[in-house]
Amino acid sequence: MSTTLSRCGWRGMAGDPLYEAYHDTEWGVPEYGSRALWEKLVLDGFQAGLAWITILRKRDAFRAAFDNFDPEKVAAYGEADRARLMADAGIVRSNAKIDAAISSAKIYLAMRDAGEDFSEFCWSFTGGKPLQNTWTDVGQVPAKTELAGEVAKALKAKGFKFAGPVIVYAWMQATGIVNDHLTDCFRHDAVKG
C-alpha cells in the first residue's frame with residue numbers, strides 16, 4: 001500500500017521532482033547561516049516578476065556564475081564580470097538585478113565589517129525564532145505581511161534593492177523565518193524550529 005504525502009498545494013509542484021524535493025527538504029527550514037540567508041535574498045531578488053521554479057531550475061547556474069555566492073568575490077565584480085553575467089544564458093539576465101546582487105554583496109560585507117551579523121539582523125525581527133502560522137489552505141497564505149514590510153524597509157535603509165515586501169516575505173518563508181507550510185502538510189511540524 002503506498003502512502004501519499006500531504007504537501008502544500010503550490011501550483012505546478014505536484015509531480016515535479018525538483019520542486020517537490022525543494023518543498024520537502026529546504027523550504028521553510030530555519031536558516032541561521034548569514035551567507036545562506038544572503039544568497040537566498042539575492043535569488044529571491046532575481047525572482048521578481050518570475051515564478052520561483054524558474055529560479056530553482058537555474059540555481060546551480062546562478063551559483064556557478066556568482067562564484068558560489070561568495071560575497072567577497074561578488075563585491076569585487078567589475079564591468080567584465082557584469083558583461084559575463086549578462087551573456088550567461090543559464091541565469092536571469094537583468095542589468096538591474098545583477099547590479100543589485102553586486103551591491104548587496106558590498107552591503108553584506110560592510111555590515112560584517114561594522115560588527116553586524118547578517119543572520120542576527122535578519123532574525124532580530126522575530127526574536128530569533130520562526131513565526132508559526134496555521135494556514136489550512138494555500139489561498140490563505142498572504143503575499144506580504146506588515147512584518148515583511150518592516151523588514152523590507154530595514155533592508156532598503158541599508159541599501160538593498162529588489163527587497164520589497166513581497167520578495168522579502170517569500171524569502172522569510174523560504175528561510176523559515178516564518179513557517180507557512182499548511183497545517184496538514186507533512187513539513188509543518190517538522191520545521192517548527
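A polar contact, for this talk, is a pair of N or O atoms within 3.5 Å; within protein, one must be able to donate a hydrogen and the other to accept it, and residues adjacent in sequence count only if both atoms are side-chain atoms.

Before the tour, some ground rules. What we have is a predicted model, where local features need pLDDT of at least 70 and side-chain atom pairs count only at pLDDT 80 or more, while totals for chains, interfaces and linings use all residues. Residues are numbered from 1 along each chain as its sequence is written, and side-chain values use heavy atoms, with hydrogens and water left out.

Let's begin with the overall picture. The chain has 9 helices and 2 strands, where helices (H or I, at least four residues) and strands (E, at least two) are DSSP runs numbered from the N terminus. Read from the N terminus, the order is α-α-α-α-α-α-α-β-α-α-β. The radius of gyration is 17 Å, close to the 16 Å that the globule rule gives for 193 residues, so the chain is as compact as a globular protein of that length. That radius is taken over C-alpha atoms, and the rule is 2.2 Å times the number of residues to the power 0.38. Along the principal axes, the C-alpha atoms fill a box of roughly 55 × 35 × 25 Å.

How much of the chain is buried? Of its 193 residues, 46% count as buried, meaning under 20% relative accessible area, with exposed over 50% and partly exposed in between (1.4 Å probe, protein chains only). The accessible surface comes to about 9400 Å², and 53% of that belongs to carbon and sulfur atoms; the areas come from the Shrake-Rupley method with a 1.4 Å probe, and for residues only the protein chains shown count as cover. As for contacts (heavy atoms within 4.5 Å), 68% of those between residues at least 6 apart in sequence join residues at least 24 apart.

Now, on to the inside. A nonpolar core here is a set of buried Ala, Val, Leu, Ile, Met, Phe, Trp, Tyr and Cys residues joined through side-chain atoms within 4.5 Å. The largest one has 54 residues, and the members touching the most others are Phe66, Phe118 and Met172. Helices supplying at least two residues each include α1 (17–25), α2 (34–47), α3 (52–65) and α9 (165–174). Which helix gives the most? That is α6, with 8 residues. Leaving aside residues up to four places away in sequence, Phe66 touches Phe46, Val74, Tyr77, Leu85, Ile91 and Ala101.

Back to α1, as promised. Asp16 lies in the segment before this helix and caps its N-terminal end, with a side-chain oxygen 3.0 Å from the backbone nitrogen of Leu18. A polar atom of the Asp16 side chain also lies 3.1 Å from the backbone nitrogen of Tyr19. Is Asp16 buried or exposed? Asp16 is buried, at a relative accessible area of 14%. Beyond its sequence neighbours up to four places away, Asp16 touches Ile53 and Arg57. Within α1 itself, Tyr19, Glu20, Tyr22, His23 and Asp24 are buried, and the buried residues of this helix pack against α2, α3 and α9.

That brings us to the aromatics. Rings of Phe, Tyr and Trp (its six-membered ring) pair if their centres lie within 6.5 Å; planes under 30 degrees apart count as stacked, over 60 as edge-to-face and the rest as tilted. The whole structure holds 15 such pairs. Tyr22 and Trp52 make a tilted one, 5.6 Å centre to centre with 40 degrees between the planes. This pair links distant parts of the chain, helix α1 and helix α3, 30 residues apart. Trp38 and Phe69 have ring centres 6.0 Å apart and planes at 80 degrees, so their pair is edge-to-face. Trp38 sits in helix α2 and Phe69 in the loop between α3 and α4, 31 residues apart. Trp38 counts as buried at 1% relative accessibility, and Phe69 is buried at 0%. Both belong to one aromatic cluster, whose members include Phe66, Tyr108 and Phe160.

Last stop: backbone angles. Phe69 has a positive phi of about 55 degrees although it is not a glycine. Phe162, in the loop between α8 and α9, also has a positive phi, near 50 degrees. Phe162 is partly exposed, with a relative accessible area of 30%. Thanks, everyone!
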